[in-house]
Number of protein chains: 2
Amino acid sequence: MKLYDESDPAPNPRRVRIFLKEKDIDIPLVHTPLSKGKHKAPEFLVKNSLGQLPVLELDDGTCISESVAICRYLEELHPEPPLFGSSALERAQVDMWIRRIEFRLMQPVGQIWVNTHPFTAAVVAARGGKQHVEFGESNRPIFESGCKWLNRELEGREFIAGPRYTMADIVAQSTFDFARVIGVTIPDNCTNFLAWYDRVNARPSAALDLSKSLLKLPT
Amino acid sequence: MKLYDESDPAPNPRRVRIFLKEKDIDIPLVHTPLSKGKHKAPEFLVKNSLGQLPVLELDDGTCISESVAICRYLEELHPEPPLFGSSALERAQVDMWIRRIEFRLMQPVGQIWVNTHPFTAAVVAARGGKQHVEFGESNRPIFESGCKWLNRELEGREFIAGPRYTMADIVAQSTFDFARVIGVTIPDNCTNFLAWYDRVNARPSAALDLSKSLLKLPT
């Protein structure tokens with residue numbers, strides 16, 4: 001088994017690496033730099049026809065893409081500690097929260113990145129496309145209202161999906177780590193949310209390593 | 001147990017209703033018309049603070065939102081026929097395909113709907129917002145290239161995630177049913193894809209009922 005991977009801050013590969021650390025699973029990583037277009041090379045498109053990272057390749061050559069699907073597979077092989085819930089209801093709640101974070105918060109972050117960030121402006125222009133800046137900017141208040149919603153939800157709650165750390169925390173953490181790198185931050189008055197972020201960042205799995213990244217944390 | 005629901009063509013409630021028919025599960029439906037703002041009423045926001053449908057309410061009052069999370073819960077209660085896969089690998093593949101359809105195809109359909117459709121123009125304006133029409137239009141070629149990609153993937157394959165009908169087919173079917181209603185169609189040359197669409201539409205679970213809808217199929 002091996003994992004085609006990209007360094008921080010790429011949010012989807014990061015999710016799987018955090019999951020591996022939380023589970024104490026060791027899988028060889030194959031560095032596949034997006035900046036060199038390795039994810040669009042013909043030999044990679046055979047593994048994932050969408051040309052996206054990460055991809056888990058099994059020993060028989062079968063490939064699984066999509067970070068959450070990869071982690072779901074690994075959860076069945078290594079059930080402890082459970083990160084997708086321990087009962088039918090918990091599993092549904094973790095899935096619900098993964099989806100809420102992705103659709104309500106990661107989506108506006110992604111649109112801000114694709115449609116307003118100077119780094120992607122160059123990438124998009126090279127492809128003959130263009131950024132839709134006004135639309136991208138309209139996602140900032142959507143992100144902010146999403147943060148306020150999540151802050152209310154986290155009142156009196158330790159982790160995103162309930163009292164235990166789960167895959168929903170990993171999805172949220174990778175979202176806000178990436179957001180921070182592109183200059184999008186959690187509002188100061190979201191104190192429950194910021195306390196949660198401190199909590200997950202204190203875990204040994206959390207270290208963000210930007211040494212190989214073209215993007216650095218804004219100062 | 002009861003399901004807060006909206007009529008066709010709303011794609012997310014539709015997914016759960018198709019799933020229920022495929023499983024032959026009978027759950028009381030509580031019609032919650034979006035057009036009357038019932039999903040934003042305080043008594044509904046207690047069930048889903050995001051104000052979205054569908055929501056499954058359990059007998060003890062616990063609520064699960066997000067169509068796929070609801071179906072995942074019901075799958076554990078009613079395992080036959082399996083619609084999320086029958087092994088760790090199959091379950092990962094079904095999840096991968098659900099996500100691929102949502103991110104690669106439902107997303108552009110959603111952006112075309114929100115940012116170009118005359119029906120949503122009025123809704124967005126009433127909220128003091130605006131449509132980003134140029135951005136919305138830019139999603140049409142993204143949808144088309146996504147259809148061509150899916151068409152290639154379906155070469156020699158009966159269903160979205162492999163030889164068996166799964167939740168990934170339900171997610172895809174609800175996407176293209178909704179797309180059709182808003183005038184976005186599968187390109188004619190996507191013959192594998194169109195054959196798949198005929199296949200799922202021939203199932204007893206498929207009937208699209210627009211009798212209560214303000215949107216009708218374009219003629």
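Which residues are exposed on the other side of α6(B)? I opened the predicted model with that in mind, and found P141(B) and R152(B) there.

**Entry: helix α6(B)**

I then listed the buried residues of α6(B): F135(B), G136(B), N139(B), F143(B), G146(B), C147(B) and L150(B). Looking down the helix axis, I saw that these buried residues fall within an arc of 135°, so they line one face of α6(B). Next I asked what the buried residues pack against, and got α6 (133-153) of chain A, together with α4 and α8 (191-201) of chain B. I also checked the length: at 1.5 Å a residue, the 21 residues of α6(B) should span 30 Å, and the end C-alpha atoms are 31 Å apart, which agrees.

**Entry: where the chains touch**

I counted 28 residues from chain A and 28 residues from chain B in the contact. On the chain B side, β4 (63-65), α3 (67-77), α4 (88-116) and α6 (133-153) each supply at least two residues. The largest share, 10 residues, comes from α4(B). By type, I noted 12 nonpolar, 6 polar and 10 charged residues on this side of chain B.

**Entry: the sheet in chain B**

I traced an open sheet of 4 strands, in the order β2-β1-β3-β4, with mixed pairing. β2 (29-31) and β4 stand at the edges with a single partner strand each, so one side of each has no neighbour in the sheet. The twist averages 25° from one strand to the next. Last, I looked at β1 (residues 2-5) and β3 (residues 55-57) of chain B, which pair in the antiparallel sense over 3 bridges; here K2(B) stands opposite E57(B).

Notes. Residues are numbered from 1 along each chain as its sequence is written. Chains are lettered from A and ligands numbered from 1 in the order in which they are written. This is a predicted model: local features need pLDDT of at least 70, side-chain atom pairs count only at pLDDT 80 or more; totals for chains, interfaces and linings use all residues. Two residues are in contact if their C-beta atoms, placed from the backbone, lie within 7 Å. Ala, Val, Leu, Ile, Met, Phe, Trp, Tyr, Cys and Pro count as nonpolar, Asp, Glu, Lys and Arg as charged, and the others, Gly among them, as polar. The expected span of a helix is 1.5 Å times one less than its number of residues. A residue is buried if 20 or more other C-beta atoms lie within 10 Å of its own, exposed if 12 or fewer, and partly exposed in between; C-beta atoms are placed from the backbone. The arc is that of the directions from the helix axis to the C-beta atoms. Two strands pair if DSSP finds at least two bridges between them. Axes are lines fitted to C-alpha atoms, for helices over the stretch in contact, and angles run from 0 to 180 degrees between N-to-C directions.
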